[in-house]
Amino acid sequence: MNQSLKHYLCFSEIRSLNSNLEKAVQIYILSQEEKRGLSYRFLSDYFQVPKSTLHDAVKSYRRFQRAGKSGRPLLLSKNEEILLCRFVRHKANIGECLTKEETLEHANDLIHKWIQTNENPQRKRQLISSKMWVNGFALRNEFVIKKVTNLEQSRAYVTLKELKSFWDKLEDLFQKNSYLPEFIFNCDETVVGSHLPSLLITPRKTLVKSYLSTEITNDLCFTHGPKGWITKEIFHNWVRDIFIPLINERRNDQNIPVLLVLDGHSSRLDLDSLESLSKANIQVAVIPAHSSHITQPLDRTTFSVFKNHLRKSTLETKLEKNLETILDCLQNSLTIKTIKSGFSRAGIYPLDFEKIEEIADSNIIEQTHSKPVRKKRKTIKISGKIITSEKFLKKLSDKVEKH
């Protein structure tokens, strides 16, 4: 090992850092100050972080250092801002990006803590009141703060009447098909559960296969999406190459009816996929819009357990190195107990609308206002429908022919 690097790795403040990127940045800064000259390339190779990422992080760190030397003083101290930055990045890594209001609240918590631990401070500190500060904080540290979305308001647009209509359709399906519990599935846009291989959609076209163990390649299906989200093409490929073949393998050449419950993402409007599912005796039920917090089994239990496992894990900078951690958390959350609980709490299996009525009291807001007026969409409405029914397939077919 390089003697200069060995020298810096002994520092307790560097050992205490969580990510390899932070360690590489600190060592590079120290090596420049002490004129030991460790290069970006050397540190990039040793800590397995992209050279360009390391360069940008060092640049950002130096800009932050200069910010407190001239002009107005920073409202948070250097250490406080570093702590807040780490927290915001951690929340983003586990899929819980903070809003401006939440970021501001955590910043003020740090100031409160400082005030409480300094009984006779030499300087007075005011709480931060302007959201403009959050913009500057995000710019200094090179990340994006999500816009506020009023989830509760959108949930007010689902009614008990819409939910009851959907459950009536499910009841008809159950009476006609007598579904076995092992042939009822729920999938969300990025994760497919119930002991089927999970689908990982990544914006990257290639993954470094050397990082992937056999266990990962067996338990995950990889695909590429331009933005990391599902598309009609990805949904079509999943139906054709993964879902139907695995269902047929489970059925052992018997025509056992299958129910697939999913949300109303526009990727579902693929005629070839829906016709293939219908021919395979797989009925697809789309939950009512804005009701996933009540009706989606994955949302009721599995995703919550998955996120809790992920919070307790340490994520690295590189995607390939995170896959084993993510897969482990996913497998721990996709247990028989968790899956059964999700379907039961969503009132889908056993089919029980009374459970939805109980949940609705606390999860559906009283509608004191009408739904917002929106432009008429050219797409077909699929919310709360059985989209593999003959009636729906004919409607979709007619629309495809027109275009």
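Which residues lie nearest the centre of the second largest pocket?

**Ground rules.** I am working from a predicted model, in which local features need pLDDT of at least 70, side-chain atom pairs count only at pLDDT 80 or more, and totals for chains, interfaces and linings use all residues. Residues are numbered from 1 along each chain as its sequence is written, and side-chain values use heavy atoms, with hydrogens and water left out.

**Pocket.** I looked up the lining: it has 13 residues, and K169, K385, I386, S389 and K391 lie nearest the centre. A pocket here is an open set of points on a 1 Å grid over the protein atoms alone, where a 1.4 Å probe fits, with protein on both sides within 12 Å along at least five of seven lines; lining residues have an atom within 4 Å of a point. Helix 10 (160–177) and helix 19 (390–402) are the elements that give two or more residues to this lining. Helices (H or I, at least four residues) and strands (E, at least two) are DSSP runs, numbered from the N terminus. I noted three nonpolar, three polar and seven charged residues in the lining, with Asp, Glu, Lys and Arg counted as charged, Ala, Val, Leu, Ile, Met, Phe, Trp, Tyr, Cys and Pro as nonpolar, and the others, Gly among them, as polar.

**Strand 1.** I checked residues 184–187: I184 and N186 on one side and F185 and C187 on the other are all buried. Buried means under 20% relative accessible area (1.4 Å probe, protein chains only). Strand 1 runs parallel to strand 4 (residues 258–262), joined by four bridges; pairing requires at least two bridges found by DSSP. N186 stands opposite V261.

**Core.** I then went to the largest nonpolar core, which has 30 residues; W238, F243, L260, L277, I282 and F392 touch the most other members. Such a core is a set of buried Ala, Val, Leu, Ile, Met, Phe, Trp, Tyr and Cys residues joined through side-chain atoms within 4.5 Å. L260 touches, among others, F185, C187, W238 and F243, where contact means heavy atoms within 4.5 Å.

**L76.** Is L76 buried or exposed? I find L76 buried at a relative accessible area of 2%, in the loop between helix 5 (51–67) and helix 6 (78–93). Its contacts beyond four places in sequence include L84, L110, R125 and W133. L76 and R125 are 49 residues apart in sequence and 9.4 Å apart in space, C-alpha to C-alpha.

Definitions and conventions: Buried < 20%, exposed > 50% of the residue type's maximum accessible area, 1.4 Å probe, protein only.
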